[in-house]
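Here's a quick briefing to read with the structure open beside you. We'll start where the chains meet, then go into each chain in turn.

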2 protein chains.
Amino acid sequence: MDEVKIFSPATVANVSCAFDILGFALEEVGDEMIFQKIPQKGVVIEMAGNSDLSTVPEENVAGVVALAMLKKVQPSFGVKMIIKKGIKPGSGIGSSAASASGAAFGVNKILGDVFSMKELVEFSMLGEALASGVRHADNTAPALYGGFTLVRSVDPLDVVTIPSPKNLFVSILHPQIEVKTLYARKILKKSVLLKDAVKQWGNIAGLISGLFKEDYALIGRSLQDIIVEPIRSILIPLFPEVKKAAVEAGALGSGISGSGPSMFALSEGKETAVRVAEAMKQVYAESGIDYEIHVSGINAEGVKVI
Amino acid sequence: MDEVKIFSPATVANVSCAFDILGFALEEVGDEMIFQKIPQKGVVIEMAGNSDLSTVPEENVAGVVALAMLKKVQPSFGVKMIIKKGIKPGSGIGSSAASASGAAFGVNKILGDVFSMKELVEFSMLGEALASGVRHADNTAPALYGGFTLVRSVDPLDVVTIPSPKNLFVSILHPQIEVKTLYARKILKKSVLLKDAVKQWGNIAGLISGLFKEDYALIGRSLQDIIVEPIRSILIPLFPEVKKAAVEAGALGSGISGSGPSMFALSEGKETAVRVAEAMKQVYAESGIDYEIHVSGINAEGVKVI
């Protein structure tokens, strides 16, 4: 393939109780990327639109992924990537993951689909390592596979796809403030009480069961994070108020998207999700802090050619 | 109903990574109990066969459950229970839970099915509290519901049934030594590293997904407990040897049943489970410690009238 244009979705990682192991992909929000085979070897990056991300491949999330793939295959040509960010960096909805998994997917197309999906997840983690210092796949795996994706283990990589109930929708409020992933990780306590861990894994097991059973009420009851959210939510202005508003407007549950600052709420039905988004928005509208709002279905496909 | 005879199954709780939240019921091992309506109010207990369990209702696991149910309903009659233990107390395969859930189920039959399944689980926990000092349902819920049962939360009680893959079998080795549940709980560390907790809940999510997907390999990969097993296994002679023998003989995975001393191994197919049981047995046969061995399918029904 000489040229391909793709859509790489935004993702919500952690999903409340399932810290560091679960994520899901969005339908309506994501990046667009064009990949072109070029005669000179190596990687060329062009940022479309307004972006201050580096175009030096070694300093760019998509760039390091592409470089590693080319290094492995050693083709006689190179790849140019034109990246149009639809997700703001530092938003907490997988901006770096969309670039990293988009690059893995797109470069693989140009190379003639030589890598498996699992290998693409492995490559995508190089981008995440550059972005946050941690090799993790809880955003890139759902971006690549779509739907809800469990990363049971990173070493060795074990990705499990989880079905997504048809009528599940997400509302996201993205406050226009920056929360560094690195810092959001640093403030976490190194140890937790066993009794809290047991509660948490009861909720994780409940959430996974709820997704398989399409039991919306069980999903709602399970969306409780007593370990990470109480600490990280301090970094997010008006978190308790937004959460309360979302649940009162009918959301199944609500939490921090990734390491924040975005907040997500899951709802049964699009109408409810729109109403929930309105309620979340209302809290911020009164605060004077800038924000963006998204309502989306769960993306069942992951990265795709457009 | 004036008289009913029931079978109440043995259960494996904790299931490796899923400490305190998951259990499953056995097909081949359990207690038999007869319930009779009697003219005088209150509870009468008779132990069939060789047993040194108390027949004073207030000191008997089945007795306290029956007393609480009669207290709630205030019938004009009483209940006599004839209990034939098929499960040795202190075995780690839910001896007290079989009595407690059997009593809840049987007394409910005599009372005319006035209580819901969830209420029966609530009553059964009174028996567990008497036996171990802790109100828990990870044995009694699977004994009542059958199959794999998640107890997402005890307060409020939230029980979730999980499908059991058709071809899943369990091998159990019960060393004839006593491990007190109370002590097995006391030696656990009060806190755990967050990174270990994350690994554990990745495995729990993998195990639940494997059960829903009938993915035996995923079930096997997920049967890892890095938090409780390393501590409790010290109380069980030859634990690492038995585990190694089970896995080498083809088991998907292996762990401690409940708080021990029984060890369980899950296998795909009955033939493999029999071979695994042989391998586990071999380790103990050479040790001189007395043991019992069981091979069983997963009980899909739970307590039942026979």
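How many residues does the contact take from chain B, and how many from chain A? Chain B puts in 33 residues and chain A puts in 33 residues. Keep in mind that this is a predicted model.

**Where the chains meet**

- On the side of chain B that touches chain A, at least two residues each come from strand 5 (148-153), strand 6 (158-162), strand 8 (191-193), helix 6 (194-213) and helix 7 (216-222) of chain B.
- Helix 6 of chain B gives the largest share of that side, with 13 residues.
- Sorted by type, the residues on this side of chain B come out as 19 nonpolar, eight polar and six charged.
- There's strand pairing across the contact too: strand 8 (residues 191-193) of chain A lines up with strand 8 of chain B in the antiparallel sense, over three bridges.
- In that pairing, V192(A) sits opposite V192(B) in strand 8 of chain B.

**How the copies are related**

- Chain B superposes on chain A by a rotation of 180° with 0.0 Å of shift along the axis, and the RMSD is 0.0 Å.
- The two copies are therefore related as by a two-fold rotation axis.
- Why do the copies meet through the same surface? Because 100% of the interface residues of chain B are also interface residues in chain A.

**The sheet in chain A**

- Chain A has an open sheet of four strands, in the order 9-10-7-11, with antiparallel pairing.
- Strand 9 (253-256) and strand 11 (291-297) of chain A are the edge strands, and each pairs on one side only.
- Ignoring direction, neighbouring strands of this sheet are turned by 20° against each other on average.
- Strand 9 of chain A runs antiparallel to strand 10 (residues 263-268) of chain A, and four bridges join the two.
- Within that pair, G253(A) faces L266(A) in strand 10 of chain A.
- Helix 10 (residues 270-285) of chain A packs on the sheet, where it touches strand 7 (168-175), strand 10 and strand 11 of chain A. The direction of helix 10 makes about 15° with that of strand 7 of chain A.

**Two packed helices in chain A**

- Helix 9 (residues 239-248) and helix 10 of chain A pack at an angle of about 150°, and their axes are 8 Å apart.
- Angles over 145 degrees count as roughly antiparallel, so helix 9 of chain A is roughly antiparallel to helix 10 of chain A.
- Is the crossing of helix 9 and helix 10 of chain A left-handed or right-handed? The crossing is right-handed.
- Helix 9 of chain A makes the contact with E241(A), V242(A), A245(A), A246(A) and E248(A), while helix 10 of chain A brings V276(A), A279(A), M280(A), Q282(A) and V283(A).
- By type, the residues of this helix contact are seven nonpolar, one polar and two charged.

**The sheet in chain B**

- In chain B, four strands form an open sheet in the order 9-10-7-11, with antiparallel pairing.
- Strand 9 (253-256) and strand 11 (291-297) of chain B are at the edges with a single partner strand each, so one side of each has no neighbour in the sheet.
- From one strand to the next, the twist averages 20°.
- Strand 9 and strand 10 (residues 263-268) of chain B run antiparallel, joined by four bridges, and I256(B) stands opposite M263(B) in strand 10 of chain B.
- Helix 10 (residues 270-285) of chain B lies across strand 7 (168-175), strand 10 and strand 11 of chain B, and runs at about 15° to strand 7 of chain B.

Conventions:
Residues are numbered from 1 along each chain as its sequence is written. Chains are lettered from A and ligands numbered from 1 in the order in which they are written. This is a predicted model: local features need pLDDT of at least 70, side-chain atom pairs count only at pLDDT 80 or more; totals for chains, interfaces and linings use all residues. Two residues are in contact if their C-beta atoms, placed from the backbone, lie within 7 Å. Ala, Val, Leu, Ile, Met, Phe, Trp, Tyr, Cys and Pro count as nonpolar, Asp, Glu, Lys and Arg as charged, and the others, Gly among them, as polar. Two strands pair if DSSP finds at least two bridges between them. Copies are superposed by least squares on the C-alpha atoms of residues with pLDDT of at least 70 in both. Axes are lines fitted to C-alpha atoms, for helices over the stretch in contact, and angles run from 0 to 180 degrees between N-to-C directions. Angles under 35 degrees count as roughly parallel, over 145 as roughly antiparallel, 65 to 115 as roughly perpendicular and the rest as oblique. A crossing is left-handed if the near helix is turned anticlockwise from the far one by less than a right angle, and right-handed if clockwise.
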